[in-house]
Amino acid sequence: MERVWQPPCGSCANGAAPVPQLVLYNSLVDRKVPFVPAAGPGSKQITWYTCGPTVYDSAHVGHARNYLSFDIVRRVLEDYFGYNCLFVMNVTDVDDKIILRARRNHLLAQYRAKAQDPAQVFADASEALAASVAKQQGKVAEAQAALAEAASESGSGAEKRREELSTNLAQEQLLLGKQEAAAAAVAAGGAAAGVGQLLALAGDALAEALDKKLGATVTNPAIYRAHAAKYEAEFLEDLSSLGCRLPTVLTRVSEYIPEIVQYVEQIVANGLGYEANGSVYFDTQAFRSAGHTYGKLNPWAVGAAALAGEAADATSEKRHPSDFALWKASKPGEPFWESPWGKGRPGWHIECSAMASSILGSKMDIHTGGEDLRFPHHDNELAQAEAYFHACPGGCEQWVNYFLHAGHLGIEGLKMSKSLKNFITIRQALESFTPRQMRLMFVLQPWERKMNYGEQAKEEMRSKEALLKNFFCNVEVVLRTQKVAATSQRWEEEEKKLQQELDATQRRVHEALCDNINTQVAMLALCDLVKAANVYLSKRQDAAGPAPQAFLLRAAAAYITRILSVFGLCSAPGDFLGFAEAAAAAACGGTEVVLDAFSAFRDVVRGLAKAKAPAAVLTAACAGVPDEAVAKAGSSGRPAEMLAAFVAFRDEVAALAAAGAPAGDVLAACDRVRDDTLVELGIRLEDKPDGSSVWKQDDPEVLRAEQEERRRAAAEARSKKLRTQLENKRKDLDKFEKLAALPSIQEALADKYSRWDAATGEPTHDKEGAALEGKALDKARKEVEKQKKVRAPLEKKLAEEPTFLQTLAADIAKLAAELAALGVAVNGSA
């Protein structure tokens, strides 16, 4: 008999659902294109070069945006799509910025060491700032002129060019404003401000002035190398703090000088570069004439001096304004290396082309960097590589297959930048956020788009982190406390519905990651799954119904964990070596045993205290606690800390029982161990209405912050209540004091009546002395009753408590004192 097998309908040509293909936003064409490795469609080997730091200062959050975003992209390619990546990062340790900063820091340090006379420092600072302001005013004028010139331009890229020129103008104006503010502050403070304050305000301007005067005298190469080495080490520490994967290859410019010299030689030999007075320049016109395209990434920026950076440097040596330096002839006060053209050093752009080609050759899959490097740096990189490989068989029309650029990180509408002095260093940011929180902030943003470093992004990050942490804690409680063997494992509609949500999430996440590695959409899908799981849990935790299915919840949590690990938000297999996780797992098991026993013992103590059980019963509950198994589990490491807290709490309870302490004291001890002891150990203990409790592990800082917020809220509620009471009592005192100050009824009506009945207190004669009778007497009696009603509230209070007014004043003073103790300002007096 022939056996029959039918292929699944999804594998049939007609019934197959379209399979998402990985696409990436490629800056070479500014659109999403399918990702195909250079080694072939079926290959899992890819090559990647990223522009690393120019190590002249501390890295800031704008840099973190770049490095974290591409670490996330790299992790998705490696851990989700399964690519094996040869990842190369450069460190620019030879550069104009490094030379200037190192030299100026050195000169300013010498100046500071000798600065004794505040009057002289004030004069120097004022002169330096005036020069700095004048120079920056010139830059603003140039930026305004460039923007005005571009206003009438039309054609492809004109609007983009105007946009970038407008941004450039705003940046130059920001710098001018800062320099003018510094100059005004120095002028206002004068010499009386002191040397330290003057240098703090005018340090950069003074350093520039000193460099102009004395820069050529700084000839010790160790000054430059020490400066670069310091910030390189700091950068690598920052990468580690942020949890970024390290590169496969780290290329340092100072270690690749021979390769750079050879690279320049080959470009010149190919007729695409020329020497002039010991410097070598790239010939952009010869490059174009040879059939190449210059400005592939930002064609609209070519020719705009304001956007061209180094290429715009005015020099008569260049054949064309767009030409740029490949090799720079040595100047006094700069480090140098020997070359065929004499002493000099590499230009800004050549380093990346030469070092990347040295490692990766004439073709690479991916090149990454910040959006601000598109032009001129990356466009010049591409041109140099094409020029270098120009004479090779087949030439080199496309050195990089996929150019990826991370969007700017904005602050107050402008990109975060060292030159603009509007930056927050990575280390400063990590004082406010954990590395995971900072990474999550970038996961929640598309990597290729601009993002603003503002409160909205921070709040979104915090809310998503709280949602995820709470979900994992709840699932962990179910897995830890549910006895699966004694629980029905039958699936009902609620379970099927949650499984469908899990299936849908897996599809949504895959589609999002295929679509330009859209982690923002992927995270939204994960959060929707968390919300669905929370709804499921709330329905299944009703004691009268079936228990939640632990295995299903674990599957959902495991999938979410897997994707979070791909994003680097929790540990992934590539983040540790060998069996490093085994010890952590063992310690986790010990913690669980100790905390289960600890919380169970506290539940018993709370129950006995609430029931006002005899002291002997409480003493008996302390006997044999903790038992031998718990003591063994807490023999070392973190579990030992938990066990020590457990034993201390048991001893406190035993002492309270021996002293016959009231139940309130025992309950207070239970609250203290929950709110203080366990918080410091990173344990969140939640008391449930049925008298049991649930523990969850969390960050002590988070728990302390929550506790402080609860205390603040309680204090605010207390102060609000006290303020209301104080306001009401002050109104009462004011009202009753006014009543007490009223004249007697006879005095109040003396202008109407002249004689009164001593027995009844009623008027008997009008003001002319005529006897009252009939309607006149009735009217007089009504007026008296009205006066009595006005005075009645005070008379009633005084009848009940003769010292009523004094007591009310004392209450007001007491409330005011309580509010003052809470730090609340109190207006008015008793």
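## Burial and overall form

A residue is called buried at under 20% relative accessible area, exposed at over 50% and partly exposed in between (1.4 Å probe, protein chains only). By that cut-off, 45% of the 830 residues of the protein chain are buried. This is a predicted model, in which local features need pLDDT of at least 70 and side-chain atom pairs count only at pLDDT 80 or more, while totals for chains, interfaces and linings use all residues. Residues are numbered from 1 along each chain as its sequence is written, and side-chain values use heavy atoms, without hydrogens and water.

The protein chain holds 25 helices and 18 strands, taken as DSSP runs (helices H or I, at least four residues; strands E, at least two) and numbered from the N terminus. Its radius of gyration is 39 Å, well over the 28 Å from the globule rule for 830 residues, so the chain is more spread out than a compact globule. The radius is taken over C-alpha atoms, and the rule is 2.2 Å times the number of residues to the power 0.38. Along the principal axes, the C-alpha atoms fill a box of roughly 130 × 100 × 60 Å.

Strand E7 covers residues 279-282. Ser279 and Tyr281 point one way and Val280 and Phe282 the other, all of them buried. In a regular strand, side chains alternate between the two faces of the sheet.

Strands pair if DSSP finds at least two bridges between them. E6 (residues 273-276) runs antiparallel to E7, joined by 4 bridges, with Gly273 partnered by Phe282. The two form a hairpin with 2 residues between them, and Asn277 in the turn has a positive phi of about 55 degrees. E7 also pairs with E8 (residues 324-329), antiparallel over 3 bridges; here Phe282 stands opposite Phe324.
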